[in-house]
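Here is a short briefing to read alongside the model.

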Amino acid sequence: MNIINTGASARWIYTSDSAQPFQGLSPSVETIKTVCRSHHVCHRAEAAVLMTGPTELSKRNKWLGRALPLLLSIIPLIAACRRDMMNQPKAKPLSESDFFSDQANARPIPPHTVAWRNARENDAFYTGLTNGTYITELPVKLTPALMARGRERFEAMCAECHDRTGSGNGMVVLRGFPQPPSYHVPRLRNAPIGHFFDVITNGYGVMYSYATRVEPEDRWAIAAYIRALQLSHNANASDLAVAEQQKLESRK
Amino acid sequence: MAQLFPKSANVHARVTIFGLVILICGAGWATSTIYWSPYTTNVDVPLQQPIPFSHKHHVTDDGIDCRYCHTSVEKSSFAGIPPTETCMTCHSQLWTDAPVLASLRNSLATGQPLKWIRVNDLPDYVYFNHSAHVAKGIGCSNCHGRVDRMPLTRKAETLYMRWCLRCHENPQQFIRPRDKVFDMAWRAPPNQEEQGQALIRQYHVDTSGRLTNCSTCHR
């Protein structure tokens, strides 16, 4: 009388998918057959049953009984090597869609909708206009931080064409893009500040709209910085405070 | 009792033992070489794009700022790929007949987006945020390399987790002043260690272990 691991034999029987292997077993292993048929082999894996003597079958497949559990334990590891986790079926920014006709998951805002907290009721702030005329006063508080922000944005978004001094000799212009007017011409020096905001928002001539690229707050910061650039090219020494004037004189 | 083994058995034994050692080491070496090679990591391998866009030309030759096209890099987890409209801001006037830009003009005419191939593709179980890194003084070139010198865009780093951890464990070695984030030519100064520590305090980088916590990047 021997005790063998029927779990192992059962697994082998299960994988062979036929009743043939049972031929070699004595009638007392009927339980295993049942296990096999009901497809619940795994639950019996740890079970050991008493058998009436070693059968040819159990001897022959002893190595399989050892190897199969090993193999079975490796399969889940290999199964984990699929790319599903890497590329999950979810929409990420600008990912490709097989649902929308333009194949883009990023959707445009539907017409006549207002994003939450984005009612934009302040016309002067969001258009640079009040009752159809450009505003002449900056609708936000002028601070050194705003000016610094304006300079940073101007040099990132505008200087490509307008150049860092606002003369309109930016690198892209040197490469053949139509030259924009200098900020230092009288027409633009006298233009109300709302004009600059409007041009950034809606474009002007060959200049495209920057509404999607520059936030309204940043557009005002840029407009304020353009004013500073204009001042820098048209300042008189007499505009300075007396102390500053004396400092200037001593540098000469 | 007669000799059981012929004399040549000594040679066989040595060849087998050393051969086995060489084989195992060789297999290890081959595996690691393949694992770290561009074949697996795609580092420095330019991908076939719908338009052979040159960052070198647009950034170095034309002086265009990173944020001109990647507008959401400071506000969003995603840096943003410019819409066709951004390209056409200049190319409605420049190179208007260039055959290489035909698909760009077609995209504007039909509204079908260009299909750029992702160069830096993190696995979907990693939640990377550009705005957080930019706000805390990690520059573009820290991860993307000298994009301003790439005629064709390619990955500069493996983006493996161990590579991320290099900085998440020692941010003081990599952090830079915020106004240098978009400076592609920035290099760590000799006193980077001290400056980095100062910047970590200044930018409130939490070094108490949150940077290496699993759920910081994996949710």
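A cavity, on a 1 Å grid over the protein atoms alone, is a set of points where a 1.4 Å probe fits but cannot get out, and lining residues have an atom within 4 Å of a point. This is a predicted model, in which local features need pLDDT of at least 70 and side-chain atom pairs count only at pLDDT 80 or more, while totals for chains, interfaces and linings use all residues. Residues are numbered from 1 along each chain as its sequence is written, chains are lettered from A and ligands numbered from 1 in the order in which they are written, and side-chain values use heavy atoms, leaving out hydrogens and water.

**Confidence**
- Chain A has a mean pLDDT of 77, with 71% of its residues at 70 or more.
- Over residues 1–55 of chain A, pLDDT stays under 50.
- Where pLDDT is low, the predicted coordinates should not be read in detail.

**Between the chains**
- Contact (heavy atoms within 4.5 Å) links 31 residues of chain B with 31 residues of chain A.
- The two chains bury about 2,800 Å² between them, 52% of it on carbon and sulfur atoms; buried area is the accessible area (1.4 Å probe) that two parts lose on being put together, summed over both.
- There are 6 salt bridges between chain B and chain A, each a side-chain nitrogen of Lys or Arg within 4 Å of a carboxyl oxygen of Asp or Glu.
- B:Glu74 forms a salt bridge with A:Arg153, with the closest N and O atoms 2.6 Å apart.

**The cavity**
- The whole structure holds 1 cavity of 30 Å³ or more.
- The largest cavity has a volume of about 50 Å³, a volume being the space filled by probe spheres set on the points, with grid points joined across faces, edges and corners.
- Its lining includes A:Arg153, A:Met157 and A:Glu215, along with B:Arg67, B:Thr71 and B:Lys75.
- That lining has 2 nonpolar, 1 polar and 6 charged residues; Ala, Val, Leu, Ile, Met, Phe, Trp, Tyr, Cys and Pro count as nonpolar, Asp, Glu, Lys and Arg as charged, and the others, Gly among them, as polar.

Conventions. 1 Å grid on protein atoms, 1.4 Å probe; cavity = no way out; pocket = protein on both sides within 12 Å on 5 of 7 lines; lining within 4 Å. pLDDT = per-residue confidence, 0-100.
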